[in-house]
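Have the structure open beside you as you read.

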Amino acid sequence: LAALAPGRAAVAVLIPPLRAAIRDLPPPDAPQRTLLTCCVRLSPEKEPHRFVALVEAAAATGAFAGLGIRPALVGAGRDPYAASLRARLLDAWPGALVIPDFLDPPALAARVLDRTLLNVHPSLEDAFGMTVVEAGARGAPTALHGVCGGGEGVAGAPPRSSIGAAALLRPGAGEAFAVDLSASPAAAAAAIASLLSDRARLASAGAAAAARVRAHDERAHGAELGRLLEACVGSGV
């Protein structure tokens with residue numbers, strides 16, 4: 001966008017809000033969080049195969065042994081790609097939760113997000129990733145793809161991510177986790193296992209995510225949009 005009008009104006013990014021249908025649900029009632037969730041559309045551009053591959057690796061290596069988790073693959077998709085992922089997950093982890101249907105907000109919260117210990121957003125690049133935000137609103141933090149120039153926090157450099165939702169739920173602020181999901185499935189599984197083993201860290205990130213997301217509701221989004229429009233009008237753009 002900047003290249004289309006060089007020197008004329010900066011490009012502003014308006015982050016999508018948390019929808020009221022999720023925000024207005026009753027808060028989770030001391031949920032038992034056992035799910036390691038992937039909640040995206042089961043299509044190649046969302047790359048859910050990365051989640052299935054890391055669960056397969058964990059099953060083969062025992063990376064998740066003793067952690068008390070249950071993988072969950074939640075997402076619509078009826079083509080052979082989606083069917084193969086569901087079959088692979090159940091073959092690797094017979095007790096996995098597989099939900100192939102669209103869920104309305106109350107069902108999504110009750111059946112999935114309120115029971116999620118850690119959400120995994122499998123894409124290496126994504127314009128946004130609204131389920132990252134909706135999981136955060138229910139107190140479930142997300143592991144999303146990111147690289148950390150030598151490690152998180154090294155030399156004060158925050159993790160970098162190509163997932164749009166990371167602009168709202170920031171790994172560097174403890175509201176999400178940056179994990180190299182481009183690594184081998186075994187390495188990705190080991191990184192996820194490390195997060196799962198620290199329940200206090202997950203709870204802290206979930207609480208931080210919920211606070212951050214709930215402050216960015218439709219009213220806050222509208223106010224920011226208004227400020228951007230006023231700036232445009234004032235500058236004559």
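Buried means under 20% relative accessible area, exposed means over 50%, and partly exposed covers what lies in between. R212, at 28% relative accessibility, therefore counts as partly exposed. Keep in mind that this is a predicted model.

**Two helices that cross**

- Two packed helices are described by the angle between their axes and the distance between the axes.
- Here, helix α2 (residues 49-61) packs with helix α6 (residues 185-196) at an angle of about 80°, and their axes are 8 Å apart.
- Angles of 65 to 115 degrees count as roughly perpendicular, and α2 and α6 are therefore roughly perpendicular to each other.
- On the α2 side, the contact is made by A53, L54, A57 and A58; on the α6 side, P185, A186, A188, A189 and I192 take part.
- Sorted by class, the contact of α2 with α6 has nine nonpolar residues, with no polar and no charged ones.

- How many salt bridges does the count come to? The count comes to twelve salt bridges.
- One of them joins R23 and D217, whose closest N and O atoms are 3.5 Å apart.
- R23 lies in helix α1 (residues 20-23) and D217 in the loop between α7 (199-215) and α8 (218-235), so the pair ties together parts that are 194 residues apart in sequence.
- Are these two partners buried or exposed? R23 counts as partly exposed because its relative accessibility is 25%, while D217, at 16%, counts as buried.

**A pair between two loops**

- D101 and R78 also meet through their side chains in a salt bridge, with 2.8 Å from N to O.
- This pair links distant parts of the chain, 23 residues apart: D101 sits in the loop between β3 (97-99) and α4 (105-111), and R78 in the loop between β2 (70-74) and α3 (80-92).
- D101 has 40% relative accessibility and so counts as partly exposed, whereas R78, at 64%, counts as exposed.

**A pair between a helix and a loop**

- E175 is buried, with a relative accessible area of 7%.

- Salt bridges that share partners join R23, D24 and D217 into one network.

Key
Residues are numbered from 1 along each chain as its sequence is written. This is a predicted model: local features need pLDDT of at least 70, side-chain atom pairs count only at pLDDT 80 or more; totals for chains, interfaces and linings use all residues. Side-chain values use heavy atoms; hydrogens and water are left out. Axes are lines fitted to C-alpha atoms, for helices over the stretch in contact, and angles run from 0 to 180 degrees between N-to-C directions. Helices (H or I, at least four residues) and strands (E, at least two) are DSSP runs, numbered from the N terminus. Angles under 35 degrees count as roughly parallel, over 145 as roughly antiparallel, 65 to 115 as roughly perpendicular and the rest as oblique. Contact means heavy atoms within 4.5 Å. Ala, Val, Leu, Ile, Met, Phe, Trp, Tyr, Cys and Pro count as nonpolar, Asp, Glu, Lys and Arg as charged, and the others, Gly among them, as polar. A salt bridge is a side-chain nitrogen of Lys or Arg within 4 Å of a carboxyl oxygen of Asp or Glu. Buried means under 20% relative accessible area, exposed over 50%, partly exposed in between (1.4 Å probe, protein chains only).
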